[in-house]
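Have the coordinates open as you read.

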There are 2 protein chains.
Amino acid sequence: MARKNLLEGLVDLPNDPPTVTNYPMRGAGKSLVRSLDDLAKQADKFLEGEAIVELDPDQVDASFVQDRISEDDAEFDDLKEAIRVRGQDTPILVRPHRSAEGRYQVVFGHRRLRAARELGRKVRAVVKPIDDRTHVIAQGQENSARANLTFIERALFARRLEDLGYDRDVIASALAANAALISKMMSVTERISASTIQQLGSAPGVGRERWLELSLLVGKASNEAKVSDVLRSPGFGELPSDERFSRLYGALNKSARPVRKVEAGAGKATWQPRDKAVQAEIKNTGKAFSMSMKAKNAGRFGEFLSNRLDALYEQFLAEEGNKGD
Amino acid sequence: MARKNLLEGLVDLPNDPPTVTNYPMRGAGKSLVRSLDDLAKQADKFLEGEAIVELDPDQVDASFVQDRISEDDAEFDDLKEAIRVRGQDTPILVRPHRSAEGRYQVVFGHRRLRAARELGRKVRAVVKPIDDRTHVIAQGQENSARANLTFIERALFARRLEDLGYDRDVIASALAANAALISKMMSVTERISASTIQQLGSAPGVGRERWLELSLLVGKASNEAKVSDVLRSPGFGELPSDERFSRLYGALNKSARPVRKVEAGAGKATWQPRDKAVQAEIKNTGKAFSMSMKAKNAGRFGEFLSNRLDALYEQFLAEEGNKGD
DNA sequence: GCGCTGATTTGTCAGCTGACAAAAACGAGG
DNA sequence: CCTCGTTTTTGTCAGCTGACAAATCAGCGC
C-alpha cells in the first residue's frame with residue numbers, strides 16, 4: 001500500500017516539524033521527516049489507553065527481527081543517562097512470548113529495555129498480544145518513525161522480513177516505503193551478503209544509489225576475492241563506517257583501474273554514445289580484454305560488432321602493419 | 001486507465017454473448033468479447049441522438065490513422081452485398097475535415113464507406129466535431145469492439161498512435177488494453193518494422209507470445225539478411241498470412257541454431273581470426289552484451305575497438321536507419 | 001556570512017518483461 | 001461424436017530498474 005494510505009485519517013501536522021535524524025539527511029527529507037513523525041504518532045496508538053506495567057528486563061526477549069546493525073554507543077549512553085536522571089517517559093511495547101510462559105518479547109523499545117537492564121531497573125511496558133504480522137509492521141514503522149536507521153539498515157530489515165516469508169505488501173507497510181524502493185533494497189541485499197553489510201556498518205552518509213552501485217560491483221564474481229581482501233585488511237574494522245564503505249567501493253572500482261591507462265575518470269573505462277542507448281564498460285589488461293554493454297541498443301549493437309569482427313581485425317592488422325616495426 | 005474503469009456505469013450484460021470475431025480465438029476471450037461488446041455500445045453512444053445525413057462518399061476522407069493491414073475481401077464483399085440488398089443500417093461517424101472546407105474525415109465505418117462508394121450510393125453518416133484525441137480513442141475502441149483486428153493489427157495501430165505523439169494513457173484507452181500489453185505491443189513494433197509486418201499480414205492465428213518471439217529473432221542484426229531473403233523468396237506473398245509468419249519464424253529459428261553448437265545454455269558464441277592471435281567469447285541476451293578476448297593480440301585489438309566505438313556506432317545507426325522505420 | 005554550484009539522498013513514476021491463469025482450438029484415441 | 005491432453009491466445013499481476021524531481025549538504029568565491 002502507498003504510504004499516503006498509511007497516513008490516512010491522521011491529523012494534519014504543521015510544516016517544518018523538528019528533524020529527528022541523528023545524522024545529516026539529504027534528499028526529499030522534509031516530507032520524510034513529516035510522514036515519519038506521523039508514523040511515530042501512529043505507532044504510539046499501540047500504547048494508547050493501555051495499562052502500563054513494570055517488568056523485570058530479564059523477563060523480556062528481543063524481537064525475532066533484528067533492526068539495527070549496531071548500537072551507536074554515544075547516543076545510547078545519552079539515552080541511558082536521561083533515563084537514569086528523569087526515569088523512563090515512554091513505555092516500550094511487548095507482547096507475551098509465543099512459547100515461554102511468563103516471558104515477553106519486545107515489539108519496539110529495544111534500547112530503552114537495554115538501558116533499564118544496564119541501570120538495574122524495571123522497565124515500563126505495555127503488554128499487548130499481537131500476531132507476527134502486526135508485530136513486524138509496528139516494529140518497522142516505529143523504527144522508520146524514529147528515523148535513525150540508515151538506508152542499509154532499513155534494507156537489511158526488509159531482507160530479514162522477506163527471508164521470514166512476509167510478502168511485499170507487509171514489507172512495504174513495515175518500512176513505510178513503496179514497492180519500487182523495497183525492490184531496490186532487495187537487489188542490494190541480494191547481491192551483498194548480510195555479513196558483508198555488517199562489516200561495512202550502517203554507513204549513515206551513504207544513500208541508496210551508492211549502495212546500488214556497490215552491489216553491482218560486489219555482485220561480480222570476479223571481485224569476490226577483492227572483497228574478502230579489503231574486508232580483512234589490517235585496521236579496516238576500526239575505520240568509521242562511511243570510510244569502510246569508501247574503501248571497499250574504491251578498491252572494487254580501482255581493481256579495474258590498471259586497465260584505465262587509456263581513460264581518465266571514475267572506475268573502469270566506459271563508453272556511451274550521444275543517444276545513450278548503449279552503456280559500455282571496458283576492461284583491458286593488455287593480455288585480456290572485455291567489454292560489456294547494456295541499455296536499449298546494447299544487444300543489437302553487440303550483434304552488429306560480432307558480425308564485423310573479421311573485417312575489423314583485418315583493419316587492425318593493416319594499421320599495425322602500417323606502423324612498420 | 002484500466003479497462004474496468006472504461007466500462008463503469010454500463011448495464012450488466014448476460015453471460016455468453018455471441019462471439020464476434022471472424023477468426024478462431026483462444027485465450028481469455030470470453031471476457032474480451034463481453035467487454036468489447038460493451039465497447040461497441042459505448043462507441044454507439046457517439047451516434048445516439050444525432051441527426052443522420054447522407055454524404056457523397058467522394059466528400060469523405062479516411063482517418064489519419066490507418067487501422068487495418070489489409071481488407072479481407074471475402075468479408076468485405078459480404079458486407080457490400082448486404083448493404084446493396086438491405087441498405088445501410090448503421091451510420092458511420094465522421095467529423096468535419098480540419099482544413100478542407102466541405103469535406104469530412106471518417107472516425108469509424110471505413111468499410112461501410114468503401115462499400116457505399118463501390119455501390120455508387122450515398123453513405124449515411126453522423127457528423128460530429130471531435131478533436132484528434134477523441135477521434136483516435138473512438139476509432140480505436142470501435143475497432144476493438146468490432147473485434148476483428150488481430151494482435152498485430154492492434155499493435156500497429158498502437159505504434160501509429162505513439163508515433164503521432166499520443167501518450168500511453170490515450171493509447172491504452174484507444175485499445176481497451178492495460179499498460180503492460182501496450183508495452184509489449186511497442187516492443188514488437190519496435191523490433192519488427194511496419195513494412196515487414198505488412199508483408200507478413202494480419203496473421204489471425206498468431207498471438208502475442210509468438211509475435212514477441214519473432215520480434216526477438218528479427219531484432220538480431222545477424223538475421224537481417226535472412227529476413228530479407230525469406231520475404232523476397234518466390235511465392236512468399238501468395239501464401240496465407242499465418243503460413244508466411246511460420247515460414248519466417250522457422251527460417252530465423254533455424255538459422256540461429258548453428259551458432260549455438262559451441263555452447264549450451266545462454267547463447268554464448270566464440271570468435272577467432274585465422275591467425276588465432278585473439279580468442280573471443282561473446283554473450284548476448286538481447287538486453288545486455290558482453291565480449292571478452294584473450295591471447296596475444298587481445299589487448300591491442302581491444303584498444304583498437306575501444307577507440308572506434310563512436311564510428312562503429314554511427315555505422316550501426318546508419319544501417320538500422322536504412323531499414324526504414 | 002552569503003550566494004552559487006555541484007553532488008548526493010530520497011521518494012516515486014513509468015516502462016519493460018517474466019510469469020501465471022482462464023479459456024478455447026486442435027489432434028488423437030476410443 | 002465424445003473425451004482428454006496439449007498448445008496457444010489473451011488479460012493482467014508483480015517485480016525490476018532507469019530516470020526525474022525536490023531537498024539539502026559541502027565547498028568555493030566574494
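Two strands pair if DSSP finds at least two bridges between them. Helices (H or I, at least four residues) and strands (E, at least two) are DSSP runs, numbered from the N terminus. This is a predicted model, in which local features need pLDDT of at least 70, side-chain atom pairs count only at pLDDT 80 or more, and totals for chains, interfaces and linings use all residues. Residues are numbered from 1 along each chain as its sequence is written, chains are lettered from A and ligands numbered from 1 in the order in which they are written, and side-chain values use heavy atoms, with hydrogens and water left out.

## Chain A and its sheet

Chain A holds 14 helices and eight strands. Of its 325 residues, 45% count as buried, where buried means under 20% relative accessible area, exposed over 50%, and partly exposed in between (1.4 Å probe, protein chains only). For contacts, the cut-off is heavy atoms within 4.5 Å. Taking contacts in chain A between residues at least 6 apart in sequence, 68% join residues at least 24 apart.

Five strands of chain A make an open sheet with mixed pairing, in the order 1-5-3-4-2. Strand 1 (52-55) and strand 2 (60-61) of chain A stand at the edges with a single partner strand each, so one side of each has no neighbour in the sheet.

| Strands of chain A | Sense | Bridges |
|---|---|---|
| Strand 2 and strand 4 | parallel | two bridges |
| Strand 3 and strand 5 | parallel | three bridges |
| Strand 3 and strand 4 | antiparallel | four bridges |

A:Leu93 has A:Val126 in strand 5 of chain A as its bridge partner, while A:Arg95 is bridged to A:Gln105 in strand 4 of chain A. Four of the five residues of strand 3 of chain A are buried, so this strand is largely enclosed by the rest of the structure.

What does A:Tyr104 touch, beyond its neighbours within four places in sequence? The contacts of A:Tyr104 are A:Leu55, A:Gln59, A:Val60, A:Asp61, A:Val94, A:Arg95, A:Pro96, A:His97 and A:Val127. A:Tyr104 belongs to strand 4 of chain A, where it stands opposite A:Val60. With a relative accessible area of 19%, A:Tyr104 is buried. Its C-alpha atom is separated by 9.5 Å from that of A:Ser63, 41 residues away along the chain.

Helix 4 (residues 110-118) of chain A lies across strand 2, strand 3 (92-96), strand 4 and strand 5 (123-127) of chain A, and runs at about 130° to strand 4 of chain A. For such angles, axes are lines fitted to C-alpha atoms, for helices over the stretch in contact, and values run from 0 to 180 degrees between N-to-C directions. The buried residues of helix 4 of chain A include A:Arg111, A:Arg112, A:Leu113, A:Ala115 and A:Ala116. Just after helix 4 of chain A, A:Gly120 adopts a positive phi of about 70°.

## A positive phi in each chain

Most residues other than glycine have a negative phi. A:Ala176 has a positive phi near 50° without being a glycine. A:Ala176 sits in the loop between helix 7 (168-175) and helix 8 (179-191) of chain A and is buried, with a relative accessible area of 7%. In chain B, B:Ala176 has a positive phi of about 50°. B:Ala176 lies in the loop between helix 7 (168-175) and helix 8 (179-191) of chain B, and its relative accessible area of 8% makes it buried.

## Chain B: sheet and cavity

In chain B, five strands form an open sheet with mixed pairing, ordered 1-5-3-4-2. Its edge strands are strand 1 (52-55) and strand 2 (60-61) of chain B, each pairing on one side only. Strand 3 (residues 92-96) and strand 4 (residues 104-108) of chain B pair antiparallel over four bridges, and B:Val94 stands opposite B:Val106 in strand 4 of chain B.

A search of the whole structure finds one cavity of 30 Å³ or more. A cavity is a set of points on a 1 Å grid over the protein atoms alone where a 1.4 Å probe fits but cannot get out, and lining residues have an atom within 4 Å of a point. Grid points are joined across faces, edges and corners, and a volume is the space filled by probe spheres set on the points. The volume of the largest cavity is about 30 Å³. B:Gly140, B:Asn143, B:Ser144, B:Leu149, B:Arg154, B:Phe157 and B:Leu175 line the largest cavity. Helix 5 (132-146) and helix 6 (151-163) of chain B each supply at least two residues of this lining.

Definitions and conventions. 1 Å grid on protein atoms, 1.4 Å probe; cavity = no way out; pocket = protein on both sides within 12 Å on 5 of 7 lines; lining within 4 Å.
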